[in-house]
Amino acid sequence: MTRDRPSAEASDVMSVRSPHGRGKARVAHAVVVIFLEFFAWGLLTTPMLTVLHETFPQHTFLMNGLVHGVKGFLSFLSAPLIGALSDIWGRKSFLLMTVFFTCAPIPFMRISPWWYFALISVSGIFAVTFSVIFAYVADITEEHERSTAYGLVSATFAASLVTSPAIGAYLSAQYGDSLVVLIATVISVVDIAFVFFVVPESLPDKMRLTSWGFPISWEQADPFASLRRVGKDSTVLLICVTVFLSYLPEAGQYSSFFLYLRQVIEFSPATIAAFIAMVGILSIVAQTLFLSVLMRTIGNKNTVLLGLGFQLFQLAWYGFGSEPWMMWAAGTVAAMSSITFPAVSALVSHCASADQQGVAQGMITGIRGLCNGLGPALYGFIFFLFNVELNDMQPVAGRQSPEKSMIPGPPFLFGACAVLFALLVAIFIPDHRLTDVKTCKSSSSSAAHAQSAGPLVTPASDAEDIEPLLQDSSL
């Protein structure tokens, strides 16, 4: 397992101190970084929809898919390299880099929308904050604590979006989009400063110094080589396929769901903000209270299966639902489905050795980055095929709604089918609590300097972005 090391060494890991004596690395540091980053992006939910429509008045969601397709593909290419480098040079410098580049496009929303969308696309090279954050958490927690810590970090994402879209919408209506962008920019600067001045390094000096003798090879940094290695380990293959099939519809949902509620279900902006708050609050409860209870009672794998079951149910409900109350009911189920990703993260982390957590996290970040590119374009294309119009930013007042289709949300039904396949695949994932750690072994030669009993499974881990049914952080 990943943390089978002497107690003294474990103590070193848990009490990693910054070179400047700023104290121990704690999960709270990761929580603050994630909260500030996604709170800033949450403020921009309403201005983003406006800028997107004004910049691309024709084929709005197809262009949105293209922008995020480029970003996702670049994330897919860069995530393994950033994860591997953070295993050698430490987490803090790469955390600073990822937060900076993720937030860099924000001020350009008002300066130049074209530059804004261009920077969002290019920022995919470094915008893999969750890859580094989950590796950071893995450095400072013991294996039995990790699922709870991952749940806390994931719940922070939901917490950051409980109020920020509503605050952003109110400020935008009262004072204009420029003030919202300014506040989001200030929060981003605070986040970057927090990482630079406050966040300690989490990777022990011993591991960093030892690792200097192992330079990064092209094989470690090549995402396609990592994908090829996935097929050599059945456990890793099953986990990666599960992540891809479950996150593809989730990524598409992020990009279009708010506008779907507004245009098709005819939610008001205030109702949408309330919906986000409800899902966010319930997601926090699910990822903190329920997740820890489920992990202790039914185990890691069964928690993943339960989360996928909730996701399947909520997507099917969104697909067939045509009334507002159905959206609210499905939203509560969506909140429960948010336990899936932290549970998968814990499952993968158990298979990775202590000095390879970054590589493992980077691999799943890359897969999710690819989904962030494919999902929005796929959802936009399916809406287009079924003549569900999403380009008009304002519902036509006083107009009678056209006859409601038997399937109002075809992309969500497609997503439910994808999650059904993910659920079937996940059934065959071995439960590593019951099997020998050798099942987690990778064929990679990097295992030679691993200090734990079970070497790294290079291509299996978690990362970016989490979970509830809320706006994609990249918007």
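What follows is a walk from selection to selection, with a note on what sits at each stop.

**Ground rules**

You're looking at a predicted model, in which local features need pLDDT of at least 70, side-chain atom pairs count only at pLDDT 80 or more, and totals for chains, interfaces and linings use all residues. Residues are numbered from 1 along each chain as its sequence is written, and side-chain values use heavy atoms, with hydrogens and water left out.

**Stop 1: Asp 139 and Arg 91**

Select Asp 139 and Arg 91 and show their side chains. They meet in a salt bridge with an N to O distance of 2.6 Å; the term asks for a side-chain nitrogen of Lys or Arg within 4 Å of a carboxyl oxygen of Asp or Glu. How many salt bridges does a search of the whole structure find? It finds 1.

Asp 139 lies in helix α8 (residues 129–140) and Arg 91 in the loop between α4 (60–89) and α5 (92–103), so the pair ties together parts that are 48 residues apart in sequence. Helix labels come from DSSP runs (H or I, at least four residues), numbered from the N terminus.

Now colour by accessibility. Are these two buried or exposed? Asp 139 counts as buried at 1% relative accessibility, and Arg 91 is buried at 0%. The cut-offs are under 20% relative accessible area for buried, over 50% for exposed, and partly exposed in between, using a 1.4 Å probe and protein chains only.

**Stop 2: Glu 201**

Which backbone nitrogens does the Glu 201 side chain reach? One is that of Arg 91, at 2.8 Å; another is that of Lys 92, at 3.0 Å. Glu 201 is buried, with a relative accessible area of 5%.

**Stop 3: Ser 172**

Ser 172 is buried, with a relative accessible area of 15%.

**Stop 4: helix α15**

Select 269–297 and switch to cartoon. This is α15, with 29 residues, and it reaches 40 Å from its first C-alpha to its last, close to the 42 Å expected at 1.5 Å a residue. The expected span is 1.5 Å times one less than the number of residues.

Where does α15 bend? Go to Phe 290: the bend there is about 40 degrees, taken as the angle between axes fitted to the seven residues ending there and the seven starting there. After the helix comes Gly 299, whose phi is positive, near 95 degrees.

Now show Ile 281, Val 285, Leu 289, Phe 290 and Val 293 as a surface. Together they form a nonpolar patch with about 390 Å² of accessible area. Patch members have over 30% relative accessible area and no salt bridge; like charges are joined within 9 Å, and nonpolar side chains (Val, Leu, Ile, Met, Phe, Trp, Tyr) within 5 Å. The areas come from the Shrake-Rupley method with a 1.4 Å probe; for residues, only the protein chains shown count as cover.

- Ile 281 is partly exposed at 45%; its C-alpha is 6.7 Å from that of Ala 159, 122 residues away in sequence.
- Leu 289 is partly exposed at 49%; its C-alpha is 9.4 Å from that of Leu 152, 137 residues away in sequence.

**Stop 5: Phe 421**

Jump to helix α20 (residues 410–426) and pick out Phe 421. Phe 421 is exposed, with a relative accessible area of 52%. Draw a C-alpha to C-alpha line to Leu 245: 7.1 Å in space, 176 residues in sequence.

**Stop 6**

For α17 (residues 324–337), 14 residues should span 20 Å, and the end C-alpha atoms are 20 Å apart. This helix is mostly covered, with 10 of its 14 residues buried; among them are Met 326, Gly 331, Val 333 and Ser 337.

Terms used
Polar contact = N/O pair within 3.5 Å; in protein donor to acceptor, adjacent residues only side chain to side chain. Helix = DSSP H or I, 4+ residues; strand = E, 2+ residues; numbered from the N terminus.
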